[in-house]
Amino acid sequence: MTRAAQQRYRLTTPGRRVLRAPKPEVVLGVIESLPRDGHALLESMDQPEVYIQVWLRSDGSYQLELRDGSVHTHVQTRSVSRERVAAAFTSWLQEHSGDGDAGWRDNYHWNDISGTFSNGPQA
């Protein structure tokens with residue numbers, strides 16, 4: 001990923017710390033260290049309604065959400081695998097920086113939650 005493409009994103013960590021232009025290894029580190037009931041949000045700085053976020057629920061499962069530009073393109077899935085969540089974040093970053101495509105999404109079962117939320121990212 002080019003540094004210019006990388007700078008178009010920011011990562012909000014569970015402590016509400018904002019990291020601009022996060023490197024993939026930093027994103028993975030945040031996911032690996034999520035506390036129970038912790039959130040992490042990776043979003044485009046150019047398009048605020050374009051993001052991926054995760055919530056480590058109190059039951060130990062991960063709730064993963066994507067939004068692609070509007071409330072009408074908001075999907076969610078759940079996983080018990082931190083590795084699958086980390087792969088989703090890495091693939092999303094590659095897709096949106098031009099280093100990958102959306103094919104990774106086929107590896108997950110997404111539920112449309114477009115009508116559930118009307119606000120932006122929840123982290």
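**Ground rules.** I am reading a predicted model, where local features need pLDDT of at least 70, side-chain atom pairs count only at pLDDT 80 or more, and totals for chains, interfaces and linings use all residues. Residues are numbered from 1 along each chain as its sequence is written, and side-chain values use heavy atoms, leaving out hydrogens and water.

**The sheet.** I looked up the strands (DSSP runs of E, at least two residues; helices are runs of H or I, at least four; both numbered from the N terminus). Seven of them form an open, antiparallel sheet in the order E2-E1-E3-E4-E5-E6-E7. Strands count as paired if DSSP finds at least two bridges between them. E2 (18–20) and E7 (111–112) each have a single partner strand, so one side of each lacks a neighbour in the sheet.

**Inside the sheet.** I then checked E3 (residues 39–44) and E4 (residues 50–56), which five bridges join. Here Leu41 stands opposite Gln53 in E4.

**Aromatic rings.** I searched for ring pairs (Phe, Tyr or the six-membered ring of Trp, centres within 6.5 Å; planes under 30 degrees apart are stacked, over 60 edge-to-face, the rest tilted). I found four aromatic pairs. Tyr9 and Trp92 have ring centres 5.6 Å apart and planes at 80 degrees, so they are edge-to-face. Tyr9 is in strand E1 and Trp92 in helix H3, so this pair ties together parts 83 residues apart in sequence. Both residues are buried (under 20% relative accessible area; exposed is over 50%, partly exposed in between; 1.4 Å probe, protein chains only).

**A cluster.** I also noted that ring pairs link Trp104, Tyr108 and Trp110.
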